[in-house]
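Subject: Structure for you to look at

Hello,

Here is the structure I said I would pass on. Please open it first, then read the notes below it.

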Amino acid sequence: MKSGLIVSKIRNGTVIDHIPAGRALAVLKVLGIKGIEGYRIALVMNAESSKLGKKDILKIEERKIEEKEAELITLIAPEATINIVKDYEVVEKRKQEVPETITGLLKCSNPSCITNNDPEAITKFNTLRSKPLILRCLYCETRLTEEEVMRQILE
């Protein structure tokens with residue numbers, strides 16, 4: 001098979017590359033994209049990658065990724081790069097990293113945690129490890145695994 005572009009370039013928008021194989025649909029869910037919004041979207045799953053073995057790629061025309069969305073994408077696709085495209089050229093390339101502290105994005109799985117019993121308490125998790133992802137609640141020290149984080153994000 002010849003190597004080359006599987007999907008044509010986009011004029012303006014966002015390209016999310018290096019998504020772990022099989023997680024592009026989760027990224028679309030994080031972005032709230034169901035297909036009826038009118039964006040032209042290219043989705044490539046299980047493409048060959050020298051870095052990851054296999055990867056997914058998303059191209060979304062006329063859509064910019066917000067910071068909160070980028071943080072959630074990082075939690076489900078830590079290797080992902082977010083490329084901003086203008087006039088067919090990449091004008092910004094962001095390599096996201098799992099932050100040291102994640103605030104207000106996830107729920108603690110411990111039902112006794114203060115964050116589940118006080119409506120004013122905001123969740124905070126420290127990153128213990130980014131690959132595979134392990135987070136620890138700042139309040140009760142409950143750990144969240146990558147699978148639990150994925151489940152919460154996709155609910």
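**Surface patch**

Strand E2 (residues 41–49) gives the nonpolar patch its largest share, three residues. Strands (E, at least two residues) and helices (H or I, at least four) are DSSP runs, numbered from the N terminus. This is a predicted model, in which local features need pLDDT of at least 70 and side-chain atom pairs count only at pLDDT 80 or more, while totals for chains, interfaces and linings use all residues. Residues are numbered from 1 along each chain as its sequence is written, and side-chain values use heavy atoms, with hydrogens and water left out.

The patch is made by Leu-25, Ile-41, Leu-43 and Met-45, and its area is about 300 Å². Patches take residues with over 30% relative accessible area and no salt bridge, joining like charges within 9 Å and nonpolar side chains (Val, Leu, Ile, Met, Phe, Trp, Tyr) within 5 Å. The areas come from the Shrake-Rupley method with a 1.4 Å probe, and for residues only the protein chains shown count as cover. Leu-43 sits in strand E2. Why does Leu-43 count as partly exposed? Because its relative accessibility is 36%, and partly exposed is what lies between buried (under 20% relative accessible area) and exposed (over 50%), with a 1.4 Å probe and protein chains only.

**Nonpolar core**

In soluble globular proteins, nonpolar side chains tend to be buried together. The largest nonpolar core here has 35 residues, and Ile-16, Ile-73, Leu-75 and Leu-106 touch the most other members. Such a core is a set of buried Ala, Val, Leu, Ile, Met, Phe, Trp, Tyr and Cys residues joined through side-chain atoms within 4.5 Å. Elements that each supply at least two residues of this core include strand E1 (13–20), helix H1 (24–30), strand E3 (53–61), helix H2 (67–76) and helix H3 (146–154). The core lies between domain 1 (13–94) and domain 2 (101–154), because both give residues to it. Those domain bounds come from an automatic or database domain assignment.

**Salt bridges**

Side chains of opposite charge can pair when their charged atoms come close. A salt bridge is a side-chain nitrogen of Lys or Arg within 4 Å of a carboxyl oxygen of Asp or Glu. How many salt bridges does this rule give? The count comes to eight. Three of them are described here.

- Asp-17 and Lys-55 meet through their side chains, N to O, at 3.0 Å. Asp-17 is in strand E1 and Lys-55 in strand E3, 38 residues apart, so the pair links distant parts of the chain. Both Asp-17 and Lys-55 are buried.
- Glu-146 pairs with Arg-23, with the closest N and O atoms 2.9 Å apart. Glu-146 is in helix H3, and Arg-23 is in the loop between E1 and H1, 123 residues apart. Glu-146 is buried, because its relative accessible area is 13%.
- Lys-131 pairs with Glu-79, with the closest N and O atoms 3.3 Å apart. Lys-131 is in the loop between E7 and E8, and Glu-79 is in the loop between H2 and E4, 52 residues apart. Lys-131 is exposed, with a relative accessible area of 58%, whereas Glu-79 counts as buried at 18% relative accessibility.

**Backbone exceptions**

Most residues other than glycine have a negative phi, and most peptide bonds are trans. The peptide bond from Lys-131 to Pro-132 is cis, with omega near -10°. Pro-132 is in the loop between strand E7 (124–130) and E8.

Asn-46 is not a glycine, yet its phi is positive, near 60°. Asn-46 lies in strand E2 and is partly exposed, at 41% relative accessibility. Asp-87, also not a glycine, has a positive phi of about 50°. Asp-87 is in the loop between E4 and strand E5 (89–95) and is exposed, with a relative accessible area of 53%.

**From the UniProt record**

The unreviewed UniProt entry lists Cys-108, Cys-113, Cys-137 and Cys-140 under "binding site". These residues are spread over 33 residues of sequence but cluster in space, with a largest C-alpha distance of 8.8 Å. UniProt positions are given in the numbering used here, feature names are shortened, and annotations may be inferred rather than shown by experiment. Cys-113 is in the loop between strand E6 (101–103) and E7, and is buried at 1% relative accessibility.

Regards
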